[in-house]
Amino acid sequence: MTRRLFLLSIICICVHICQAQILEPVKFHVTGDSTRIVFKAKIEKGWHVYSVVDSTASAEDGYGPTWATFNIRHIKGASLIGSLLAMGNEQKKYDDMFGMNVCYFEDSVTFIQNIKITDKHYDIDCYLEYGTCDDVQCLPPTTVDYKYSHTTATNKSTITDSQYKDNLLTIFFAGFIGGLLALLTPCVWPMIPMTVSFFLKRNTKKKKAMKEAIVYGLSIIVIYLSLGIAVTLIFGAAALNSLATNATANIIFALLLIIFVLSFFGLFELRLPSSWANNLDIEADKLGQEHSHKSWAYLLSIFLMALVLVIVSFSCTGPLIGVLLVSVASAGTLLAPTVGMTGFALALAFPFALFAMFPNWLNTMPKSGNWMNIVKVTLAFIELAFALKFISVADLAYGWGILPRWLFILLWLLIFVALTIYIVYQWCRDKKAKILKIIIFAFALTMSLYMSSGFLGNPLKHVSAFLPPEEETLNANHYNDYEQGLAAAKRQNKPCFIDFTGYGCVNCRKMEAAVFTDAEIKDMLSQEYIVIRLFVDDRRNGIGKKWSQLQQERYGANAQPYYIITDDNGTPLLPARGYDEDVMAFREFLKLGVLNNK
C-alpha cells in the first residue's frame with residue numbers, strides 16, 4: 001500500500017510539473033565592452049534559432065521566420081559599427097512552410113554587434129530579438145535585454161555561460177565502432193553463444209534467462225563505464241589533455257601498442273592473470289547457489305560473471321580501449337573518456353542481450369574460425385599505423401627529425417600494402433569468409449592508393465589528423481615566440497592571430513587541412529595579421545611548458561586547438577575559437593578581428 005501511494009505521489013508531481021511548464025529552449029549569456037556586445041546562446045536539442053536575415057531569402061513584408069535583429073531603445077556616446085553578425089555552425093535549407101531559404105543554428109550560436117564609443121560618458125539600452133522553432137512548433141519572437149553604461153553592464157539573463165563541446169557525439173561513435181571491432185575478435189565472439197546458452201540452460205523459464213542475460217549485458221556497460229569515469233576522476237580534463245600531447249607519454253603509448261601488435265600477430269599471448277578470472281568465476285557460482293533467493297546476491301553473481309568476460313577478453317579489447325582513451329584525451333573535456341567508453345560498452349554488450357531475446361538467432365552466427373584471426377591480424381596492422389602517430393608526436397616535440405612527413409607517409413603506405421598482400425594470400429589459401437576478405441581488401445587497397453597519392457601532391461586531408469604537419473605550415477611566415485610576435489604587431493600596427501597548438505593535437509591537424517588551406521583565410525592571415533604559433537608540447541628547453549602556462553594563466557584555457565585574436569598588447573579583441581571546421585564562420589572570425597582592432 002505504501003509503495004502504491006509513493007508511486008501515485010510521484011505521478012501527481014510529474015503531471016503538475018508538465019502542466020506548469022514554460023518552454024525556454026534557448027539560454028543566453030550576454031557580455032559587452034567598449035568594442036562589442038556579445039549574445040551567446042545554448043540551444044536545446046531539437047530546437048533551432050534563425051540567423052540574421054539572409055539576402056537570398058527574399059523575405060517581403062515581414063513574411064518568413066523571425067530573423068535575429070539587434071535593436072536600440074536608447075544610445076548615447078556610442079555608435080553601431082556594421083550590422084549584427086552571427087557566428088556558429090550555420091545551416092541552410094529550403095523551408096516549405098515559408099516557401100523560402102532559411103538559415104538557422106542548432107546547439108549554439110553567438111550574435112555579435114560591434115560598437116564604437118564616441119564619448120567618455122556613454123549609455124546603451126538595447127535588446128536582441130530572435131525566433132526559435134522545433135519540428136512541430138515555434139515560439140513567439142523573444143527578446144534578450146542588455147544595458148551598458150560607463151563601466152557597468154547589466155542584463156536580465158541569469159544563465160551562466162560555459163564552454164560546450166560539440167564533438168562528444170563523434171567520440172561516442174568512435175567508441176561504438178571500437179566495441180564492434182572488439183566483438184569480432186577471438187576473445188569475445190565465441191563468448192556470445194557460450195554465455196547466452198549458459199543462461200538458457202541455467203533457467204528452465206526462457207523469460208528469466210532473458211532477464212539474466214540482459215542484466216549481464218548491463219553489467220558489461222557498467223564495468224566499462226566505470227573505467228571511463230575512473231580515468232576522468234584520476235587524471236582530470238587538464239591532465240588528460242597534457243597526457244595526450246606529452247612526448248614521453250606518447251613514446252610509452254607507442255611501445256604499448258607495438259607490444260599489442262606483436263601479440264595480435266601471434267608471437268605471444270598477452271592476458272591478465274588467469275587466477276583473476278578463475279577466482280571471480282568461483283565466487284559468482286557460490287553467490288548464485290548459496291544465496292540464490294537474495295536479489296543482491298543474484299545481481300552480484302551476474303556482475304561478477306560479466307567481470308570475468310572483461311578480464312578474459314582483455315588481450316583483444318585492451319589495445320582498442322587504449323587507443324580510444326588516448327585519442328579522446330586531447331578533447332580537453334571531462335566527459336570524453338566516459339562518453340567513449342559508453343559507446344564501446346554498448347556495442348560490446350548489445351549482442352548478449354539481443355541473442356538472449358532471440359536465442360534461435362545463435363544458429364545463424366558464423367562459427368569461430370580462421371576469419372577471426374584475419375580480423376585480429378588486420379587490427380594489428382591498423383594499430384601499427386597508430387603507433388607511428390605516437391612516435392611522430394615525440395619526434396616533433398623533441399626535434400629529433402627521425403620521422404619527417406614523407407617517411408611517415410611511406411611507412412603508412414607500406415603498412416597498408418602489406419595488409420593488402422596478406423588478404424590476397426588468405427584469399428588464395430582459403431575461399432571462406434569471402435565478404436569479410438573483400439571488405440578488408442577494398443579498405444587496404446584504397447588506403448594504399450590514397451597514401452601513394454601523397455607523393456604526387458595530394459594534401460591527404462582525410463588522414464591529416466594523424467600525419468605530421470606539412471613543412472610549409474611549420475616554416476610559414478609566422479612567429480614561434482609570443483613576445484616577438486607582439487613586438488612585430490606593434491611595428492606593423494596589426495592584430496595578432498595566436499594559435500595555441502600541439503604536435504600531438506589531432507584536431508589541430510584537421511583544422512590546418514580543412515580551414516587554413518582556404519585561399520581567403522590564407523590571404524587574411526598573411527596580409528592582415530601577425531601570426532603567432534605556440535606549440536604547447538614542445539619539449540625543447542621547456543618551451544612548450546612556457547606556452548602552456550601562458551595559455552592557462554593569460555587566456556584561461558588549456559585545450560588545443562585554441563585560436564585567439566588580440567591587439568599588439570595581447571588583449572583579446574573577441575571571444576576565442578576552438579576546433580570547428582566551419583570555413584565561413586572562421587572567415588567572419590578573422591574579419592571581425594580586423595574590424596575590432598581599428
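## A serine at a helix end

In this predicted model, the side chain of S453 reaches the backbone oxygen of Y450 at 2.4 Å. S453 belongs to helix α12, which spans residues 434-453. Leaving aside neighbours within four places in sequence, S453 is in contact with N458 and L460.

Is S453 buried or exposed? Its relative accessible area is 17%. Buried means under 20%, so S453 counts as buried.

## The largest nonpolar core

Nonpolar side chains tend to be buried together in soluble globular proteins. Here, the largest nonpolar core holds 39 residues. Those with the most contacts inside it are I192, Y216, I220, Y224, F344, L348 and F352.

At least two residues each come from α2, α3, α4, α5, α7, α8, α9 and α10. Which helix gives the largest share? It is α9, with seven residues.

Now take F344. Not counting residues up to four places away in sequence, F344 touches G175, F176, G178, G179, A182, Y224, T317, L320, I321 and L324.

## Another core

L267 sits in the loop between α5 and α6. Its relative accessible area is 59%. Exposed means over 50%, so L267 is exposed.

Definitions and conventions:
Residues numbered from 1 in each chain as written. Predicted model: local features only at pLDDT ≥ 70, side-chain atom pairs only at ≥ 80, totals over all residues. Heavy atoms only, no water. Core = buried A, V, L, I, M, F, W, Y, C linked by side-chain atoms within 4.5 Å. Buried < 20%, exposed > 50% of the residue type's maximum accessible area, 1.4 Å probe, protein only. Helix = DSSP H or I, 4+ residues; strand = E, 2+ residues; numbered from the N terminus. Contact = heavy atoms within 4.5 Å. Polar contact = N/O pair within 3.5 Å; in protein donor to acceptor, adjacent residues only side chain to side chain.
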